[in-house]
Amino acid sequence: MAGTDDGMIWMTRTNELMWQALRLYLPPGTRLNSVRRPPQEQFDIIVKLARGNGYHFATPPHLNHESSWRGALSFIRQKGFKVAAPGRSMHQRGLAYDLVGPDLDKIETAVRKAVSDGRIKLVPGSRSAILQEPMNRCVHVEMEAGILDFEPFGVG
Ligand SMILES: [Zn+2]
């Protein structure tokens, strides 16, 4: 998913550590675009994408009235955007990371290597654990754990 335009990323210390674990694998120039998104932000993204692509809201959309935005979500999904409904995104659970960079294939390959090396653990059972989103120009990754190495010192 596209992130906010203001360059702010909302994340916890845990998110930061998991990003550090994954980062070792990523090609140079890869940036973290988005982690946690509250429902209102997810809703705002849907409204902005829908309007930006020519969707007309019959009634003013409101987060708490699903009927007011359901059509807009279908509309942008038909346009090829992979967008979760407000309340359903792994971003709201703080488990999803959107990675951006010059070569999404290279980023995806690097993420899969980190998984096969056991450095990060994907959210089990998710169909969107690793998802390349060409329309949003990012690789979406859902991680529940990561391993960080610490230089051993003072041994003996
Ligand atoms: Zn995402």
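## A tour of two domains

Start with the two domains. Their C-alpha centres, those of domain 1 and domain 2, lie 24 Å apart. Select residues 9-37 and 89-148 for domain 1, then 39-87 for domain 2. These bounds come from an automatic or database domain assignment.

Before you go on, two notes. You are looking at a predicted model, where local features need pLDDT of at least 70, side-chain atom pairs count only at pLDDT 80 or more, and totals for chains, interfaces and linings use all residues. Residue numbers run from 1 along each chain as its sequence is written.

**Stop 1: where the domains meet**

How many residues does each domain bring to the contact? Domain 1 gives eight residues, and domain 2 gives eight residues. Two residues are in contact if their C-beta atoms, placed from the backbone, lie within 7 Å. Look at the side of domain 1 that touches domain 2: it has two nonpolar, four polar and two charged residues. Here Ala, Val, Leu, Ile, Met, Phe, Trp, Tyr, Cys and Pro count as nonpolar; Asp, Glu, Lys and Arg count as charged; the others, Gly among them, count as polar.

**Stop 2: the whole chain**

Zoom out and switch to a cartoon view. The protein chain has four helices and five strands. Helices (H or I, at least four residues) and strands (E, at least two) are DSSP runs, numbered from the N terminus. Along the principal axes, the C-alpha atoms fill a box of roughly 70 × 30 × 30 Å. Of the 156 residues, 31% count as buried. A residue is buried if 20 or more other C-beta atoms lie within 10 Å of its own, exposed if 12 or fewer, and partly exposed in between, with C-beta atoms placed from the backbone. Now think about contacts with a separation of 6 or more: residues 24 or more positions apart account for 72% of them.

**Stop 3: helices 2 and 3**

Select residues 39-52, which are helix 2, and residues 66-78, which are helix 3. They pack at an angle of about 65 degrees, with their axes 9 Å apart. Axes are lines fitted to C-alpha atoms, for helices over the stretch in contact, and angles run from 0 to 180 degrees between N-to-C directions. Helix 2 passes helix 3 in a left-handed crossing. A crossing is left-handed if the near helix is turned anticlockwise from the far one by less than a right angle, and right-handed if clockwise.

Show side chains here. From helix 2, pick F43, I46, V47, L49 and A50; they meet W69, A72, L73, F75 and I76 of helix 3. This contact of helix 2 with helix 3 has 10 nonpolar, no polar and no charged residues.

Next, click R70, also in helix 3. Is R70 buried or partly exposed? R70 is partly exposed, because 13 other C-beta atoms lie within 10 Å. G54 is 16 residues from R70 in sequence and 15 Å away in space, C-alpha to C-alpha.

**Stop 4: the cores**

In soluble globular proteins, nonpolar side chains tend to be buried together. A nonpolar core is a set of buried Ala, Val, Leu, Ile, Met, Phe, Trp, Tyr and Cys residues joined through C-beta atoms within 7 Å. The largest core has 19 residues; L22, Y97, L99, V111, V141 and M143 have the most contacts inside it. Helix 1 (13-23), strand 2 (96-100), helix 4 (104-116) and strand 5 (138-146) each supply at least two residues of this core. A second, separate core of 12 residues includes I45, I46, W69 and L73.

**Stop 5: around L99**

Which residues does L99 touch? Leaving out residues up to four places away in sequence, the partners are L26, T30, L32, N33, I107, C138, V139 and V141.

Go to L26, in the loop between helix 1 and strand 1. L26 counts as buried because it has 20 C-beta neighbours inside 10 Å. L26 and L99 are 73 residues apart along the chain, yet their C-alpha atoms are separated by 9.5 Å.

Then pick L32, in strand 1 (residues 31-34). L32 has 19 C-beta neighbours inside 10 Å, so it counts as partly exposed.

**Last stop: K113**

Finish in helix 4, at K113. K113 is partly exposed because 13 other C-beta atoms lie within 10 Å. C138 is 25 residues from K113 in sequence and 18 Å away in space, C-alpha to C-alpha.
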